[in-house]
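Dear colleague,

Please look through the coordinates before reading on.

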Amino acid sequence: MIEFLKKYKAFIYGLLIQRIIVVVLLHFDFIYIDNSAILANVLSFIFSWLLISLPIHYFSFLKQHKHTSLKLVALIIIFLVIIINDRNSKIVDNPITFVGLVGVGLSFFSIIAPSYFKKHVLIIIGFYVLALGYFYYIRVYIDDVNSYFQQEKEIKIILTAPFFVLLLTWFYQQWKWLKTVESKKSKAELSLLKSQINPHFFFNTLNNLYGLIIEKSDDAPNVVLKLSEIMRYTIYMGKEDVVSLKDEIEYLKNYIELHKIRYQKRVDIAFSHSPEIDYQIAPLLFIIPLENAFKHGVESLTEDAYIHIDIKTDTDIIYFDIENNFEPQGSRGTAGIGIQNLKQRLKLLYPNKHHMKIEVKDSVYKLELKIEMT
């Protein structure tokens, strides 16, 4: 429930803003609320609440999709024109206004939830053809205002009920989707954790450590320390939602240093990063490409192996680039389980806020990853 409230906190903000606006408008006599018109007041409240909340909820999406934003702006203008026309016409329950409001409401829903709306569009249209047909029959064809007023509340409930049904079922589906995402996220992170606690890597490191101890090398204590740091970070920090980018970089450095001990050949490893690393990021995202670079690149080459890593930041965006060469006879061109796992985590953690590009050319593998922090 807490995660659900966090995801839809925009509706809480929208409620507060809506109440403040109403209080201010009432104070300056810009609006008048008839306490006897309960149904009209409820509908006005819900519509104005959603009108304020939804743009806040979808702000980052609207910022990136200007075409959708323009549609919503046009729809708001049409809505204002309908309201102004209704006030000027001075016709009680103007039939044109009713059709206009229904059209605006359905159009609004089709923009903010297109896939959901498309799924139910035939039922919705069929219902409103019958409902508006009945409304026009009572309000226009019979042309008896008194007869219409006898059924006014029932007709308004019929016309507005689908919006409540759509809204409630949409929220329910969003809640189900959120629970599914949480479940998938947990499974993906568990799979990632298991894949990163690589027995092969630890056994090799321990064997190398044993050799250093036998030789009474001064590097032995440093290896123990780095191995301990890697295990601590993987097991404990890997469970966190976010970690410091600085800690993530330090983790990668320790991983690289331990791998250097394993190889008796010269490996060109260059790791550069921006001085500005005061960011928070999901843990263990960058280790998969780095692990693959060693596994499919360094280990397959007898000479001239290299790995170049670059991490930089720019206005709430983190860029991660890694490039390495590999043996052409190898299978480096195909994406392994680790990369598929990474793609799944990015999709869950940073939906519509990341871009990953993989390029394999002339025995060189290059991965570019961009993550937006906002």
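How many cavities of 30 Å³ or more does the structure hold? Bearing in mind that this is a predicted model, the structure holds three cavities that reach that volume, and about 60 Å³ of space lies in the largest cavity.

That largest cavity is lined by Phe-47, Leu-51, Leu-72, Leu-75, Ile-76, Phe-79, Val-104 and Phe-108, a lining which by class comprises eight nonpolar residues, with no polar and no charged ones. Three helices, α3 (38-57), α5 (66-89) and α6 (95-112), each supply at least two residues of the lining, and the largest share, four residues, comes from α5.

Turning to the packing, the largest nonpolar core has 50 residues, and those with the most contacts inside it are Leu-245, Ile-281, Leu-285, Phe-286, Leu-290 and Phe-294. Helix α12, which spans residues 245-262, gives the most to this core, contributing seven residues.

Which residues is Leu-285 in contact with, once its neighbours within four places in sequence are left aside? Leu-285 is then in contact with Glu-248, Leu-342, Arg-345, Leu-346, Leu-349, Tyr-350 and Ile-371.

With best wishes

Terms used:
Residues are numbered from 1 along each chain as its sequence is written. This is a predicted model: local features need pLDDT of at least 70, side-chain atom pairs count only at pLDDT 80 or more; totals for chains, interfaces and linings use all residues. Side-chain values use heavy atoms; hydrogens and water are left out. A nonpolar core is a set of buried Ala, Val, Leu, Ile, Met, Phe, Trp, Tyr and Cys residues joined through side-chain atoms within 4.5 Å. Buried means under 20% relative accessible area, exposed over 50%, partly exposed in between (1.4 Å probe, protein chains only). Contact means heavy atoms within 4.5 Å. On a 1 Å grid over the protein atoms alone, a cavity is a set of points where a 1.4 Å probe fits but cannot get out, and a pocket is an open set with protein on both sides within 12 Å along at least five of seven lines; lining residues have an atom within 4 Å of a point. Grid points are joined across faces, edges and corners, and a volume is the space filled by probe spheres set on the points. Ala, Val, Leu, Ile, Met, Phe, Trp, Tyr, Cys and Pro count as nonpolar, Asp, Glu, Lys and Arg as charged, and the others, Gly among them, as polar.
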